[in-house]
Amino acid sequence: MRKTLGPRLAATVAALTLTLTGCAATPAQPEGLQVVASTGVLANLATAIACPAADACRAQVSSLVPPGADPHSYEPSLRDVRDVAYADVAFTNGLLLERQKLVKTVEANLPAGAQSVAVAENIESYGGQLIPIVEDASLDSLWLGLRTEGVDSTQGGEVRFEVSRVLGPGQASAFITGTFGAVEMVANSAARGAEINQVDDASEATGDLGGTDLPLQAHTHLSWAFTQPGFYEFDISAAPSSDDRLQGVKPTTVHFAVGIDPAPLAARLGESTQVLGAGHADLTAQLGEGKLSIRTDGDGEPTYYDPESTVLAVPSRTLQELPAGSQYRFLGKPGSQVYLLAQAVLGKHVHGEIDPHIWHSAPNMMAAAQLMRDTLISADPAGAKDYRANTEALLAELARTDTELRQVYGQLPDTARNLITTHDGYRYLASEYGLTIAGYVSPGPGVEPSIQQRERLRRTIEDAGVTALYTENGILSRTPVLEQVGEEAGVQVCQLYSDALDAQAPTYSAMMLRNAQTVAECGQ
């Protein structure tokens, strides 16, 4: 397969010698049409349409998210602010792919009269197709995230979740493990300035224990850690940005049973109390009703539970050793054991009901190219002829890429069509090219898959004949546990590009073909 794809891949790279940043901007006011794109993939397409060659360049194009960075968590720099302030056109992905700080940077700094387009949110009018997110993985412990719902998100706005009290026998924390292992604290009972009091056999922390912001109609994953077994309580509130359509959520107590039998706590809360100990759940601010609920999504249908009569079970099998590294010192020394409900996906992934990873379908990017063409023509009518001609060339290239992708994936044996990945972002790839996402595994640092998870993975591999696990490009060296899981299961661990280009895959077509080549070779 390498012999078949190599020349084609080389030709693609040569044909689309596009950089992620386009022509370098000078500190002074740049000349000509200025275009910013939130991601390298979008910047790549915009460059092909507006500046395919130095002697045929109608615009300067820059990517706000640099090569190799995660668009889910990237925070804008001062250079990004400057680029946006000079821009005539801004292309973002939308559908909550980018971090809200990046979106707000574009909204706040784009000059009056400049055009801003959320590409993923507008491709359907050009024939693109969007896929809903259905998180229905079978789990042997909870994935516990945050969610907002109850009002239309089109008018923007955010909700601030805050923790004001934690009661329990040990320290309790909620945090996000970033793509590169950094920890973003959300709440911590040992937060600086917390007031600590002894209540029977437990410690009660009150005050500003932390919080996080979440857009309307959005969801995010969290990790939850507890240093001692026992019963815990979190008081959580949610305050929306100024908007008379929304009702704030008063502090609501959420109950955890960590490493012990949840039955005594359930009995104390009342006969109708239910215990949730597995699957995907969210602490959900229902802003239309002004209350906090626990939402689960079994069988694709949401079910809501009252936190006052629900116990979230954290079983003993979640007990793990803290890895080496300073990022987890807030929980103890390396080697210390904590009970950990690990987040579902490595990195900060805030998303809504629609999957934002549209670029894993070449037809979607053909729709995006046409949308970008029309936007550039609107901003620079004098260049309409050039934009149309460049787009036709790009569409032809994307069509050839799509044809080869279908050919490569179409020749795979059935077993190689079943993918187990570390990023739940390949739905479009599977839907478009006849693959199946057999499962995905969170590779967070220190998140050792439980015996049950390993056994379930082994069964999945055995039943589906899976021959490889796929991690995101560049993550494998930071998550050696994936190699251990692969070795135990008797399969290879290979790397796929997810949402960032690099020197080995400098163009969208090169990235897609490299992924196809990887699956074809690892799937044998």
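Author: Gladly! A crossing is left-handed if the near helix is turned anticlockwise from the far one by less than a right angle, and right-handed if clockwise. This is a predicted model, where local features need pLDDT of at least 70, side-chain atom pairs count only at pLDDT 80 or more, and totals for chains, interfaces and linings use all residues. Residues are numbered from 1 along each chain as its sequence is written, and side-chain values use heavy atoms, leaving out hydrogens and water.

Reader: At what angle do helix α3 and helix α4 pack?

Author: Two packed helices are described by the angle between their axes and the distance between the axes. Axes are lines fitted to C-alpha atoms, for helices over the stretch in contact, with angles from 0 to 180 degrees between N-to-C directions. Helices (H or I, at least four residues) and strands (E, at least two) are DSSP runs, numbered from the N terminus. Here α3 (residues 78-86) and α4 (residues 100-109) pack at about 40°, their axes 8 Å apart. The α3 and α4 crossing is right-handed.

Reader: Which residues make the contact of α3 and α4?

Author: Contact means heavy atoms within 4.5 Å. From α3 come V81, V84 and A85, and from α4 T105, V106 and N109.

Reader: Is Q286 buried or exposed?

Author: Buried means under 20% relative accessible area, exposed over 50%, partly exposed in between (1.4 Å probe, protein chains only). Q286, in strand β17 (residues 279-286), has 8% and is therefore buried. V491, in the loop between α10 and β27, is buried too, at 12%.
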